[in-house]
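Reader: I have a structure open and I'm new to it. Can you walk me through it?

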Amino acid sequence: NRLTTEHYLLGIAETSNISPIEYIKSIIVAARTYALYHYLNPYKYNGYFTMKATTADQLYRGYQSELRRSRVVQAVNETKGQVITYGGDIVVTPYYGHSDGATRSWSSVFGGKDKAWLVPVLTPYDAGLSMFGHGVGMSANDAYGHAKTDSWNYTKILKYYYTGIAVSRVY
């Protein structure tokens, strides 16, 4: 399927409708950035397509998901065109379920050269849990905790997990 980025985001199922709105916004901005990065750098699947509609990339459930999740629609609309940039460039922004108390560097999980914005950070709301996901970038569970308990807004959440970044409107 070919969709505009904003229509695509309306149908992703990376978060629930009852999550704190600032957490939902952080997931949406990270998801938008991830999608645009892979659109601009179509190497992951050898140029055949940009992303899979599964948890291999981002879980996409389509229009029916959009109808059931008004707060996700709100978050998409309120962050329209906002992406994560580092040094002015749109960068890859992995995120995952939860860690065991800290995020991981790019090279420790995926190999190759480290990415300056993916510096390991502590994830206190993940303390005592086991790793669920690759551990690079934003921990969804920890971000949820910071939004709900610490009242962090989405830009503070994103700047915690992605070091030295800016949240920039590109359209």
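Author: What follows is a short tour, from the overall layout to single residues.

Author: One thing to say at the start is that this is a predicted model.

Reader: Okay. How many helices and strands does the chain have?

Author: There are seven helices and five strands. Along the sequence they come in the pattern α-α-α-α-β-β-β-α-β-α-α-β.

Reader: And what share of the chain counts as buried?

Author: Of its 171 residues, 47% count as buried. As for contacts between residues at least 6 apart in sequence, 70% of them join residues at least 24 apart.

Reader: Which residues have the most contacts inside the largest nonpolar core?

Author: Those are Ile28, Met138, Leu158 and Tyr162, in a core of 38 residues. Two or more residues each come from α1 (5–10), α2 (21–40), α4 (70–78), α6 (140–148) and α7 (154–161).

Reader: Which of them gives the most?

Author: Helix α2 does, with ten residues.

Reader: How many bridges join β1 to β5?

Author: Four, and the two strands run antiparallel, with β1 covering residues 82–86. Gln82 stands opposite Arg169 of β5, and Thr85 has Ala166 as its bridge partner in that strand.

Reader: And how many between β1 and β2?

Author: Two bridges, again with the strands antiparallel. Tyr86 has Asp89 in β2 as its bridge partner. The two strands form a hairpin with two residues between them, and Gly87 in the turn has a positive phi of about 60°.

Reader: Is β1 largely enclosed or exposed?

Author: Four of the five residues of β1 are buried, so the strand is largely enclosed by the rest of the structure.

Reader: At what angle do α2 and α7 pack?

Author: About 55°, with their axes 8 Å apart. The two helices are therefore oblique to each other. Helix α2 passes α7 in a right-handed crossing.

Reader: Which residues meet there?

Author: From α2 they are Glu22, Tyr23, Lys25, Ser26, Val29 and Ala30. From α7 they are Tyr154, Ile157 and Leu158.

Reader: You mentioned Ala166. Is Ala166 buried or partly exposed?

Author: Ala166, which sits in strand β5, has a relative accessible area of 33%, so this residue is partly exposed; buried would mean under 20%.

Reader: What does Ala166 touch?

Author: Val83, Ile84 and Thr85, with residues up to four places away in sequence not counted. Val83 is 83 residues from Ala166 in sequence, while the C-alpha to C-alpha distance is 8.2 Å.

Reader: Last stop, α6. Which residues of α6 are buried?

Author: Ala140, Asp142, Ala143, Gly145, His146 and Ala147 are buried.

Reader: What covers the buried residues of α6?

Author: The cover includes α2, β3 (95–96), β4 (138–139) and α7.

Reader: I noticed a histidine in that list. What is its relative accessible area?

Author: His146, in helix α6, has a relative accessible area of 5%; buried means under 20%, so His146 is buried.

Reader: And what does His146 touch?

Author: His146 touches Pro124, Tyr125, Ser151, Trp152, Tyr160 and Tyr161, once residues up to four places away in sequence are set aside.

Definitions and conventions:
Residues numbered from 1 in each chain as written. Predicted model: local features only at pLDDT ≥ 70, side-chain atom pairs only at ≥ 80, totals over all residues. Heavy atoms only, no water. Core = buried A, V, L, I, M, F, W, Y, C linked by side-chain atoms within 4.5 Å. Buried < 20%, exposed > 50% of the residue type's maximum accessible area, 1.4 Å probe, protein only. Pairing = 2+ DSSP bridges. Axes fitted to C-alpha atoms, helices over the stretch in contact; angles between N-to-C directions. Parallel < 35°, antiparallel > 145°, perpendicular 65-115°, else oblique. Left-handed = near helix turned anticlockwise from the far one by under 90°. Contact = heavy atoms within 4.5 Å.
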